[in-house]
Amino acid sequence: MSGKPLRPRKEPRQVRGELTRQRILAAAREVFAELGYAAGTTNRIAERARVSIGSLYQYYPNKDAILVALVAEHLDAGAETLRRHRETAGEPDTLEGALRELVHVAVQNHLDDPQLLRVMVEQAPRAPELLEQVARRERDQIAEVRGLFERFPEAAVSNVDMAARIVVNTVELLVHKLIAGPEPLDLSVFEDELVTMLIRYAAPAGSGRSSGLRR
């Protein structure tokens with residue numbers, strides 16, 4: 001995929017143009033989820049969106065660019081999900097509450113279309129700009145979890161940086177794999193079990209904070 005243009009060809013300046021762009025992205029979500037990435041051609045996306053192929057190409061040069069746009073939207077939605085959750089639930093006041101919030105937000109952000117999620121994870125083009133978006137989001141999450149370990153006295157990890165990386169990547173990998181998997185999933189049980197695992201790792205019973213936090 002190297003050498004392919006992955007940026008949108010133009011940004012809509014009018015409401016009509018933005019509606020067309022959103023129709024293209026909505027159609028792409030359906031087509032990729034139903035048919036997979038290989039069979040999700042721009043012709044099929046344009047047909048599903050009820051726009052001409054020429055109109056599609058006015059916005060996106062190829063289907064790789066469309067998938068990159070969908071992944072970017074998915075990443076942005078994570079921050080918005082967290083914001084809405086805190087509006088209703090407030091800031092967590094314990095480490096367990098904070099880890100539960102992390103897990104719950106991750107789960108909620110992956111429920112819209114598990115099949116599209118699988119396409120994003122397994123087949124998204126590894127474009128530098130996309131990888132940088134993913135890496136930036138991961139760095140932000142690691143910094144937030146690191147802050148939790150330093151904020152709550154019940155945290156007893158021996159290395160804050162490594163522990164934050166482990167927690168963030170564990171949540172991401174398990175949520176991606178199980179929600180996008182073929183087996184039915186009881187979300188409340190899944191969240192409870194994942195939080196239990198994380199809290200036993202980050203604050204094992206009786207460990208206190210005697211080992212200290214090492215950077």
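Me: Is Arg 146 buried or exposed, and at what relative accessible area?
Reply: This is a predicted model. Buried means under 20% relative accessible area. Arg 146 falls under that cut-off, so the residue is buried, with a relative accessible area of 16%.

Me: Which residue forms a salt bridge with Arg 146?
Reply: The closest N and O atoms of the pair are 1.9 Å apart. The pair links distant parts of the chain, with Arg 146 in helix α7 and the partner in helix α8, 15 residues apart. That partner is Asp 161.

Me: Is Asp 161 buried, partly exposed or exposed?
Reply: The relative accessibility of Asp 161 is 33%. Partly exposed lies between under 20% for buried and over 50% for exposed. Asp 161 therefore counts as partly exposed.

Me: How many salt bridges does a search of the whole structure find?
Reply: One of them joins Glu 73 in helix α4 to Arg 29 in helix α1, 44 residues apart. Their N to O distance is 2.5 Å. Glu 132 forms another with Arg 139, at 2.9 Å between the closest N and O atoms. The search of the whole structure finds nine.

Me: Which arginine is linked with Glu 30 and Glu 34 in a network of salt bridges?
Reply: The network links two glutamates, Glu 30 and Glu 34, with one arginine.

Me: How are α4 and α7 oriented, and why?
Reply: The axes of helix α4 (residues 63-89) and helix α7 (residues 128-151) come within 9 Å. They cross at roughly 20°, and α4 passes α7 in a left-handed crossing. Angles under 35 degrees count as roughly parallel. So α4 and α7 are roughly parallel.

Me: How are α8 and α9 oriented, and why?
Reply: α8 and helix α9 (residues 187-202) have axes 12 Å apart and pack at an angle of about 160°. α8 passes α9 in a right-handed crossing. The cut-off is over 145 degrees, so the pair is roughly antiparallel.

Me: Which residues make the nonpolar surface patch of about 260 Å²?
Reply: Ile 166 in helix α8 (residues 160-179) is one of them. Ile 166 is partly exposed, at a relative accessible area of 36%. The patch is made by Met 162, Ile 166 and Tyr 201.

Me: What share of the protein chain do buried residues make up?
Reply: The chain has nine helices and zero strands. Gly 17 in helix α1 (residues 15-39) is a residue to check. Gly 17 counts as buried, at 14% relative accessibility. Of the 215 residues, the buried share is 41%.

Conventions:
Residues are numbered from 1 along each chain as its sequence is written. This is a predicted model: local features need pLDDT of at least 70, side-chain atom pairs count only at pLDDT 80 or more; totals for chains, interfaces and linings use all residues. Side-chain values use heavy atoms; hydrogens and water are left out. Patches are made of residues with over 30% relative accessible area and no salt bridge: like charges are joined within 9 Å, nonpolar side chains (Val, Leu, Ile, Met, Phe, Trp, Tyr) within 5 Å. Accessible areas come from the Shrake-Rupley method with a 1.4 Å probe; for residues, only the protein chains shown count as cover. A salt bridge is a side-chain nitrogen of Lys or Arg within 4 Å of a carboxyl oxygen of Asp or Glu. Helices (H or I, at least four residues) and strands (E, at least two) are DSSP runs, numbered from the N terminus. Buried means under 20% relative accessible area, exposed over 50%, partly exposed in between (1.4 Å probe, protein chains only). Axes are lines fitted to C-alpha atoms, for helices over the stretch in contact, and angles run from 0 to 180 degrees between N-to-C directions. Angles under 35 degrees count as roughly parallel, over 145 as roughly antiparallel, 65 to 115 as roughly perpendicular and the rest as oblique. A crossing is left-handed if the near helix is turned anticlockwise from the far one by less than a right angle, and right-handed if clockwise.
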